[in-house]
Amino acid sequence: MVTKTRSVRSRPWRSASALPVRKAQAWQAETDTRARRIPLAQPSPAVPWGDYRPKAFVGEVVPFGVTSFREGHDRIGVQVRLFSPSGDESLHRLEPLEDGLDRWRTEVALLEQGIWRFRFESFGDDFATWEHAASLKIAAGVDAPLMREMGARLFERAGAERGRPAAEREALVDAAASLRDAQVDDAAALSIVEDPAIARYFHQRPLMSLVTIGDDRELLVERERAGVGAWYEFFPRSEGARRLKDGTVKSGTFRTAAKRLPAVAEMGFDVAYLPPIHPIGQTNRKGRNNTLDALPGDPGSPYAIGAAEGGHDAIHPELGSAADFRAFVRAAERLGLEVALDLALQASPDHPWVTEHPEWFTTLPDGSIAYAENPPKKYQDIYPINFDIDPAGIYAEVLRVVRHWISQGVKIFRVDNPHTKPLQFWEWLIATVNAEHPDAIFLSEAFTRPAVMQSLAAVGFQQSYSYFTWRNTKRELEEFLSSVAHDTADFMRPNLFVNTHDILTEFLQFGGRPAYVIRAAIAATAAPTYGVYAGYELFENVARPGSEENIDNEKYEYKFRDWAGAIERGDSLAPFLARLNEIRRAHPALRQLRNLSVHWSDDDAILVYTKHLDAALSPDGRSDTIIVVVNTDPHSVRQTMVHLDTRVWGVEPGTPYEVEDLVTGARWTWSDHNYVMLDAFTEPVHILHVKESR
């Protein structure tokens, strides 16, 4: 069952048997047992760690599920009662999954930001119990008079309920009379038992007994950008940078970087993400390609935050002033872009914190301060923060810094390595900031063990980097995409970055241009949020030997890129990225996370999945189905059969339907078994829209 709601207020109604039900519930409370009369177990959405709220975003279709059953063969019903942040109440009936596991489910599109409350309710479904028994017995000529009289009494009871529409009450009273009428034979009585209109009446307003009311639970619904968006990362110092006659480089500024924003917006991105923009330390400054010997003019890593000019609340003087930054943010907003800023809690040896608060760092036995390490890597230009000596001081300072940047127009923060800071710190910081600024969004850049990544999401991070970067084969992607869409979606939203300034995978290094098309197509269609680091559209694929990083990495030097020239030469992926983002905006199914279904192919490199959104849940009232077929091998041409469970979008197996390739415009008639050929060098992916039958 699927429902879209704007928190329509529903009036409570009572069954005619409410009084005995209340007495039974009172007695049950006195028995002091954990088991309920009709149990409600394993409710979802839920978070597996601690008492944290599950999450959704405005417009997200949320599956509500619970396990419920009763003794014997009598039928039960299950419903979920929702209370919106503004106080409206709505009721939604769950349907059994018929999986033999007594699982019940419904889907609701939540359209209001804030904290929702919900609770599950189970009950004996008196009509369904009678209908099941009567349809069998009357047809078999067993206890037919008894079944007819029992039904008549049920109908009379329902017809006496004031909450039912007058026409419905009249129809039920008439049906009761017909069941008792000796002139109505059993065959005619059976048609009343099986009347879909009567079944609909009782489905909408069931006759309840043995009502069990579950515990109240909470669900946090955040703004849409918390779950939907296309990110584009670039270094502002590279945009507009120019080499001077003496060979040194004059840095780009916020004013020159703003000239890049129209192209980012034209590609359809929603978020412009900037690495740290703060002053960079001189001590142990890194040179090109992460060398320990910086040459004059080397800009250093922006993650070595802090210098004489200031720390985390300051702007690198070569980028401009605070006013220039605010102008950059406004320029982005005019183009429909939000600016995301890096929040990297670490310091260069020159950071003001080092002298003002030495207790915030770890002092070694030789009196030196410990550098940041990720063995065997060592970051000699960075001191990590020690949260154990003065946590109150650190907490207050970081909160001050975040508040400062919010006052400058930033609402999105990409957090560097949050897994190296205490979990309780992030829970406190995000909760404190969101209490003041509910629209603030934090992206966790934690590539670490699953429990740590998922715990960070559970305590508050709105988005999370994921293992997507290293999931490349068909089997790896099937497992990964299914997991993020279903196993962890109640609390962890993946941001599928295809590359970062730190990560250039072997797949991209050696897969050539097809690899860039393949990865972008999967990222943009498999999840509602994905990201791209600048240079991806130019197919930058040369790594520093022995590493997964780009050679001549932009973290340590300026990059000069000919964006316009590449497009003119037909040597840019920008038009394809623009088309992907255009498709995402036109198809609401691609703006959902939990609606992904993996299908099958006969080839071990052909990945097949769909994203479907029912009409009842769609913002435009029309169903939307996208089929994605990808050749995950960037070195080959593949021919195979793909096999689709068309019931996912309501089409019976064997029924033909029309599809349109949203990249090429080609149209085909498909069914549940289809031949495809995907040439990695010319057309490695089909993004197919299932056309609605007329």
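Select helix 16 (residues 512-526) together with helix 18 (574-586), in what is a predicted model. The two helices pack at an angle of about 15 degrees with their axes 10 Å apart, where axes are lines fitted to C-alpha atoms, for helices over the stretch in contact, and angles run from 0 to 180 degrees between N-to-C directions. Helix 16 and helix 18 are therefore roughly parallel to each other, given that angles under 35 degrees count as roughly parallel, over 145 as roughly antiparallel, 65 to 115 as roughly perpendicular and the rest as oblique. Their crossing is right-handed; a crossing is called right-handed if the near helix is turned clockwise from the far one by less than a right angle, and left-handed if anticlockwise.

Show the side chains next: V517, A520, A521 and A524 of helix 16 meet F576, L577, L580 and R584 of helix 18, contact meaning heavy atoms within 4.5 Å. By class, this contact has 7 nonpolar, no polar and 1 charged residues, where Ala, Val, Leu, Ile, Met, Phe, Trp, Tyr, Cys and Pro count as nonpolar, Asp, Glu, Lys and Arg as charged, and the others, Gly among them, as polar.

Residues are numbered from 1 along each chain as its sequence is written. Local features need pLDDT of at least 70 and side-chain atom pairs count only at pLDDT 80 or more, while totals for chains, interfaces and linings use all residues, and side-chain values use heavy atoms, with hydrogens and water left out.

Not counting residues up to four places away in sequence, L590 touches T525, A527, P528, I583, R584, K611 and I626.

Now colour the sheet of 6 strands, which is open, has the order 26-28-29-34-31-32 and is paired antiparallel. Helices (H or I, at least four residues) and strands (E, at least two) are DSSP runs, numbered from the N terminus, and two strands pair if DSSP finds at least two bridges between them. Strand 26 and strand 32 stand at the edges with a single partner strand each, so one side of each is left without a neighbour in the sheet. Neighbouring strands of this sheet are turned by 30 degrees against each other on average, direction ignored. Helix 16 packs on this sheet, touching strand 26, strand 28 (606-613), strand 29 and strand 34, and the direction of helix 16 makes about 25 degrees with that of strand 28.

Within the sheet, strand 29 (residues 624-631) is joined to strand 34 by 5 bridges in an antiparallel run, and V630 has V685 of strand 34 as its bridge partner. Strand 34 (residues 685-690) is in turn joined to strand 31 by 3 bridges, again antiparallel, with D661 opposite L688. Of the 5 residues of strand 31 (residues 657-661), 4 are buried, so this strand is largely enclosed by the rest of the structure. On to strand 32 (residues 667-670), which 4 bridges join to strand 31 in an antiparallel run, and where R667 stands opposite E660. Strand 31 and strand 32 form a hairpin with 5 residues between them, and G665 in the turn has a positive phi of about 90 degrees.

Then turn to the open sheet of 8 strands, in the order 23-22-21-16-15-12-25-24, whose pairing is parallel. Strand 16 (residues 338-343) and strand 21 (residues 412-416) run parallel and are joined by 4 bridges, D342 having R414 as its bridge partner in strand 21. Helix 11 (residues 391-407) packs on this sheet, touching strand 16, strand 21 and strand 22 (441-445), and its direction makes about 145 degrees with that of strand 21. Helix 18 lies across strand 12 (229-233) and strand 25 (529-533), running at about 165 degrees to strand 25.

Finally, select helix 4 (residues 166-180) and helix 6 (residues 196-204), which pack at about 125 degrees with their axes 11 Å apart and are therefore oblique to each other. Helix 4 passes helix 6 in a left-handed crossing, with E168, A171, L172 and A175 of helix 4 and I198, Y201 and F202 of helix 6 making the contact.

How values were computed: Buried < 20%, exposed > 50% of the residue type's maximum accessible area, 1.4 Å probe, protein only.
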